[in-house]
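The sequence and structure come before the points.

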Amino acid sequence: VYPMLSRAFALPDAAARGREVHRLFSLAFFYEFIIALPLAGALILAGPLAFSTVLPAFGPSAPLAQALSLSGVLFCLTLPAATLLPAANRPDLVLRLFVLPGAVALALNVLLVPQTAAPWGGAVGAIIADWAAAGVGFAYALFLVRSLGVPPPSFALFRQAFSKRPPAGQ
């Protein structure tokens, strides 16, 4: 996606540039979504069975893996923005995109995990920190992309890419 986005950002016509960047960003975003969500769903549905079969000693940790799986979807959905930002010649924004969720995760882990006697402490605290970092990262990714003038991902553009039929005979 990066080479195509770089080419799109280099288009001389501003309107064409905006349309192509938005189209590519939307495609990348929804491709990530349709790949990550089924994987997370599979972990949620088959996690306990997989853990008990492959790693029986870790069976009790299956619910933790299940809880973490959906935050992975949010982390995956930040990747199109992480690709778009350097393509727009803004590597400084990529650094910000990864530092902010990292700081949120670090702060919440330091705050929550040691409180093992509290319901929000220990492993649950780590899950909360992970979810918060994923949510902050996702929201910040969309904010940074929007700050460059790129609209939020459009499912209509993604659907349109699949509705085009190849020419007859190909």
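Is R90 buried, partly exposed or exposed? With a relative accessibility of 30%, R90 is classed as partly exposed. The points below refer to a predicted model.

1. Salt bridges in the whole structure. Side chains of opposite charge can pair when their charged atoms come close. The search over the whole structure returns two salt bridges.

2. The R90 salt bridge. R90 is joined to D92 by a salt bridge in which the closest N and O atoms are 2.8 Å apart.

3. E20 is partly exposed at a relative accessible area of 25%. R23 is likewise partly exposed, its relative accessible area being 30%.

4. A pair of aromatic rings is described by the distance of the centres and the angle of the planes. Eight aromatic pairs are found in the whole structure. One of them is the edge-to-face pair of F30 and F155, with 5.3 Å from centre to centre and 75° between the planes. This pair links distant parts of the chain, since F30 lies in helix α2 and F155 in helix α7 (residues 155-163), 125 residues apart. F30 is buried, at 12% relative accessibility, whereas F155 is partly exposed, with a relative accessible area of 43%.

5. A stacked pair within one helix. Y140 and F143 form a stacked aromatic pair, the centres being 6.1 Å apart and the planes at 15°. The two residues are three positions apart in helix α6 (residues 122-147), and therefore about one helical turn separates them. Y140 is buried at a relative accessible area of 18%. F143, by contrast, counts as exposed at 52% relative accessibility; the cut-off for exposed is over 50%.

6. An aromatic cluster. Which residues do ring pairs link into a cluster? The cluster consists of F25, F29, F30, Y31, F138, F155 and F158. F30 and F155, the edge-to-face pair of point 4, are among its members.

How values were computed
Residues are numbered from 1 along each chain as its sequence is written. This is a predicted model: local features need pLDDT of at least 70, side-chain atom pairs count only at pLDDT 80 or more; totals for chains, interfaces and linings use all residues. Side-chain values use heavy atoms; hydrogens and water are left out. A salt bridge is a side-chain nitrogen of Lys or Arg within 4 Å of a carboxyl oxygen of Asp or Glu. Buried means under 20% relative accessible area, exposed over 50%, partly exposed in between (1.4 Å probe, protein chains only). Rings of Phe, Tyr and Trp (its six-membered ring) pair if their centres lie within 6.5 Å; planes under 30 degrees apart count as stacked, over 60 as edge-to-face and the rest as tilted. Helices (H or I, at least four residues) and strands (E, at least two) are DSSP runs, numbered from the N terminus.
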